[in-house]
Structures are given as structure tokens and as C-alpha cells.
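Please take a moment with the sequence and the 3D structure shown here, and then read the briefing that follows. The points are grouped by topic for a reader who is new to them.

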Amino acid sequence: MSTPIYAPCGYQVLAPDATTSVGLTVPSGKNVTRCLLSVETADVRIRDDGTNPTSSVGMIIKKDSQPWSYEGDLSALKIISTSGTASVKVLYYAERSLTR
């Protein structure tokens, strides 16, 4: 039986503003499929469906809330601030299997 575990493989700080969405810079060379987002300074909105979020459209993540976990195509994730400039800390994880 194989149990997925995640190995840490990177860190990034983003500063999205309320006018232009930003994407993640996913570490290369590893099977990075998960990240953990911590939002500070201002609320942000995200989308991962190929459409850029706006300051009023997208799923909201409130500043200073619990870190938010995302698993999937990290290159599709786009982030924008709802007002001003936000600070978003990102931890990246690669899946590896542990055989029992």
C-alpha cells in the first residue's frame, strides 16, 4: 500500500495588488502539486480555472486567516488583492510515496 506524503521544496513571497493578478513561480525539477498560502496585509481572491480573478470576482481568502492549502495544477492558480497590496507567503510541496 502506498501512502502519499509531501516533501517541502520551496518558498515564495508574492505582493499582488488590486489591478493585476499574479501567478506562482513553481519550483522546477520536482513533482510539485501542493502549496500552502498565508495571506497578510490585505484580502486576496484566487481562481484556478484559466480566468484571471479581479478584486471583486474569485474565491476570497481573508488576510490573517488560517493558511490555505491548494492541491492541483499550481501553474493555473492566479491571485489578486482586493485592495492595496497584499503579502502572500507560499510554501511548496512535492508528493512522494512511502511504501508500507
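**Briefing**

Asp43 has its place in the loop between β3 (32-40) and β4, where strands are DSSP runs of E with at least two residues, numbered from the N terminus. The model is a predicted one, in which local features need pLDDT of at least 70 and side-chain atom pairs count only at pLDDT 80 or more, while totals for chains, interfaces and linings use all residues. Residues are numbered from 1 along each chain as its sequence is written, and side-chain values use heavy atoms, with hydrogens and water left out.

**Surroundings of Asp43**

- Asp43 is buried, because its relative accessible area is 16%, and buried means under 20%, exposed over 50% and partly exposed in between, with a 1.4 Å probe and protein chains only.
- The side chain of Asp43 makes a polar contact with the side chain of Lys62 at 3.4 Å; such a contact is a pair of N or O atoms within 3.5 Å, of which, within protein, one must be able to donate a hydrogen and the other to accept it, and residues adjacent in sequence count only if both atoms are side-chain atoms.
- A polar atom of the Asp43 side chain also lies 2.8 Å from the backbone nitrogen of Lys63.
- Leaving aside neighbours within four places in sequence, the residues in contact with Asp43 (heavy atoms within 4.5 Å) include Ile60, Ile61, Ile80 and Thr82.

**The sheet**

- Four strands form an open sheet in the order β2-β7-β4-β5, with antiparallel pairing, and two strands pair if DSSP finds at least two bridges between them.
- The edge strands, each pairing on one side only, are β2 (22-23) and β5 (59-61).
- Strand β4 (residues 44-47) and strand β7 (residues 78-81) run antiparallel and are joined by four bridges, with Ile46 standing opposite Ile79 in β7.

**Cys9 in strand β1**

- Cys9 is found in strand β1 (residues 2-14), and Cys9 counts as buried because its relative accessibility is 14%.
- Apart from neighbours within four places in sequence, Cys9 is in contact with Pro27, Lys30, Val32, Tyr92, Tyr93 and Ala94.

**Aromatic rings**

- The count comes to one aromatic pair, under a rule by which rings of Phe, Tyr and Trp (its six-membered ring) pair if their centres lie within 6.5 Å, with planes under 30 degrees apart counted as stacked, over 60 as edge-to-face and the rest as tilted.
- The rings of Trp68 and Tyr70 have their centres 5.9 Å apart and their planes at 25 degrees, so the pair is stacked.
- Trp68 is partly exposed at 23% relative accessible area, whereas Tyr70 is buried at 9%.
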